[in-house]
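Dear colleague,

I am handing over the structure below, and my notes on it follow. Please read them alongside the coordinates.

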Amino acid sequence: MKFFQSPAVKVGLSISIATGLYGVSFGALSVTSGLDLWQTMALSLLLFSGGSQFAFIGVIGGGGTGLAAMTASALLGIRNGIYGMQMNALVSPRSWRRPLAAQVTIDESTATASGQEDPDERRRGFWTAGVGIFLLWNLFTLVGALAGNALGDPKQWGLDGAAVAAFLALLWPRLKGKEPAAIAVVCALATLLAVPFVPSGVPILVAAAVAAAIGWFTHKPVPAGMAPDIEPYAEPYTEHDGAHTLAESERRSTGQDGGTADSSDGKDAP
Amino acid sequence: MSLWIWILLACAISYLTKLAGYLVPAKWMKNQRMSRIAATMTIGLLASLTVVNTFSTGQQLVFDARLGALLAAAVALLLRAPFLVVVIAGAAAAALLRLAGWG
């Protein structure tokens, strides 16, 4: 498959542009919070996790200590560790690629990769989104830091709306059947309930814990439904497309692949 | 100068957190129960990221132009629009609502 014809690459590039542009907002806010240009760039280059970066400058801008800023940033970054575990199994970067993969393991690259069923597509999606966002996020952080507030509020351009749409679009294909939809609704509600009571970033961890608990307690020897995810960590297929389709059809015929909406309807909603 | 120390510490923690995930043996993730949890967790995280980005500003829940972005994206998805079109629909809805003076 040609690089630009890959659906995962298309998603990765789209999300890179939408997220990367938002770096303008970080750059501008960071210098107005009292960080200098190099400190701002250090956060985008080395810390590279949007939520953690905004939390760090938010605490500093609000008059908080460096320790408080670091703690908020660390708390928000915990989910990247969970993503790392998933990406290690799904994308399986080897040798020198592994430390690079770790740096670009964020919400968007993880979401792009886990939205794909084919192991090669997962890999393409992960790297396209991860590297694409890294480059554009840093470029636009620099633009924002240099231009300061001359650009105006990026919200004016609807960039925060782009993020909302991107995450919904990544979630959407997974909502086939009652069970995945029910999990999404429960986790969305858990998030909303948690927002007023815990520091920002933590509600996402609450939702992750709720989702993990649902997965743990509804586990069955032969799970049904959730078709794309039945074997997310199956050994990656290599180049040969023929073997891939064969393996797929074999799994189908033995019924291990679950099935789609109809097989999960009703009977295993949590 | 001391701010630099906290910045570099925050960067180190961030990277080590990410790397720690990769040091968990992939084998541990390769059984049916972990696969099931990975599947439910992906749905849970995406649902959570969607609502956090739509409704939260810090620790406050707010209804603003981002709600319009969510609805516009949902309509685009129902019409089976490609990913980029969905993202543009979300951005355009938020931008237009703000232009009209809401949120």
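A residue is called buried if 20 or more other C-beta atoms lie within 10 Å of its own, exposed if 12 or fewer, and partly exposed in between, with C-beta atoms placed from the backbone. This is a predicted model, in which local features need pLDDT of at least 70 and side-chain atom pairs count only at pLDDT 80 or more, while totals for chains, interfaces and linings use all residues. Residues are numbered from 1 along each chain as its sequence is written, and chains are lettered from A and ligands numbered from 1 in the order in which they are written.

B:Asp64 counts as partly exposed because it has 18 C-beta neighbours inside 10 Å. In space, B:Asp64 is 42 Å from B:Lys30, C-alpha to C-alpha, at a sequence separation of 34 residues. Chain B is divided into domain 1 (1-53) and domain 2 (63-103), the bounds coming from an automatic or database domain assignment, and the C-alpha centres of these two domains of chain B lie 28 Å apart.

For chain A, the mean pLDDT (the predictor's confidence in each residue, from 0 to 100) is 80, and 79% of its residues reach 70 or more. Over residues 222-232 of chain A the pLDDT stays under 50, and the model has 36 contacts beyond four places in sequence for them, a contact meaning that the C-beta atoms of two residues, placed from the backbone, lie within 7 Å. Residues 234-270 of chain A also have pLDDT below 50. Where pLDDT is low, the predicted coordinates should not be read in detail.

Best regards
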